[in-house]
Amino acid sequence: MIRYWYGPRGRKIERVVRESNRTPHVYIPVDVIREEENYIIKAYVPGVSAEEIDIEIKDNKVVISGEFPGYEGEGSPLLAERVTGAFFRRINMPVSLDAGSADAEVKDGVLTIALAQAEHEKPRQIAVKAG
């Protein structure tokens with residue numbers, strides 16, 4: 001039996017999955033960092049290549065999805081603790097984002113997404129004309 005890591009409510013989710021016979025999504029931990037008008041999201045995705053990760057950005061939502069690879073060797077494992085299966089994470093950001101300027105990279109098992117705040121969200125100076 002493959003075991004999944006769920007987070008704080010893992011047992012309840014595992015019981016529901018067993019009863020409904022559906023594959024659960026694996027929880028991936030993330031950090032969200034604000035740098036002035038930009039945001040950085042770091043997600044822990046060990047063993048997943050860049051081609052296996054999908055990122056969707058719409059308004060103020062970022063969705064990260066993909067799949068951790070399963071066991072691919074000969075024989076049967078005596079102990080299987082690595083996370084396997086599909087993962088999905090939706091992050092609601094405090095502002096709308098500019099999807100066109102987003103950049104993503106995976107290195108050493110950490111996915112880093114650089115995001116800029118949408119132009120219409122940035123504060124503007126307005127010149128006042130004398131009448």
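D103 stands opposite A114 in strand β7. Strands here are DSSP runs of E, at least two residues long, numbered from the N terminus. The model is predicted: local features need pLDDT of at least 70, side-chain atom pairs count only at pLDDT 80 or more, and totals for chains, interfaces and linings use all residues. Residues are numbered from 1 along each chain as its sequence is written, and side-chain values use heavy atoms, leaving out hydrogens and water.

**Confidence**

- The protein chain has a mean pLDDT of 82, and 81% of its residues reach 70 or more. pLDDT is the predictor's confidence in each residue, from 0 to 100.
- Residues 1-5 have a pLDDT below 50, with 13 contacts in the model beyond near neighbours in sequence. A contact means heavy atoms within 4.5 Å.
- Over residues 12-22 the pLDDT stays under 50, and the model has six contacts there beyond four places in sequence.
- Where pLDDT is low, the predicted coordinates should not be read in detail.

**The sheet**

- Four strands form an open sheet in the order β1-β2-β7-β6, with antiparallel pairing. Two strands pair if DSSP finds at least two bridges between them.
- β1 (30-35) and β6 (97-107) stand at the edges with a single partner strand each, so one side of each has no neighbour in the sheet.
- From one strand to the next, the twist averages 15 degrees. Axes are lines fitted to C-alpha atoms, and angles run from 0 to 180 degrees between N-to-C directions.
- β6 pairs with β7 (residues 110-117) in the antiparallel sense over seven bridges. L97 stands opposite Q117 in β7.

**Turns and loops**

- β6 and β7 form a hairpin with two residues between them. D108 lies in this turn and has a positive phi of about 55 degrees.
- D108 counts as exposed, because its relative accessibility is 73%. Exposed means over 50% relative accessible area, buried under 20%, and partly exposed in between (1.4 Å probe, protein chains only).
- E36 is in the loop between β1 and β2. E36 also has a positive phi of about 55 degrees, although it is not a glycine. With a relative accessible area of 71%, E36 is exposed.
- Most residues other than glycine have a negative phi.
- S96 sits in the loop between β5 and β6, yet S96 is buried at a relative accessible area of 15%.
- Leaving aside neighbours within four places in sequence, S96 contacts D59, N60, Q117, A118, H120 and E121.

**The core and the aromatic pair**

- The largest nonpolar core has 20 residues. Such a core is a set of buried Ala, Val, Leu, Ile, Met, Phe, Trp, Tyr and Cys residues joined through side-chain atoms within 4.5 Å.
- Those with the most contacts inside this core are I41, V45, V62, I64, F87, L97 and L115.
- β2 (38-44), β3 (53-58), β4, β5 and β7 each supply at least two of its residues.
- Not counting residues up to four places away in sequence, L115 touches N38, Y39, I41, I57, V62, L97 and A102.
- The structure holds one aromatic pair. The rings of F68 and F87 have centres 4.9 Å apart and planes at 50 degrees, so the pair is tilted. Rings of Phe, Tyr and Trp (its six-membered ring) pair if their centres lie within 6.5 Å; planes under 30 degrees apart count as stacked, over 60 as edge-to-face and the rest as tilted.
- The pair links distant parts of the chain: F68 in β4 (residues 61-68) and F87 in β5 (residues 85-92) are 19 residues apart.
- F68 is buried at 6% relative accessible area, and F87 is buried at 1%.
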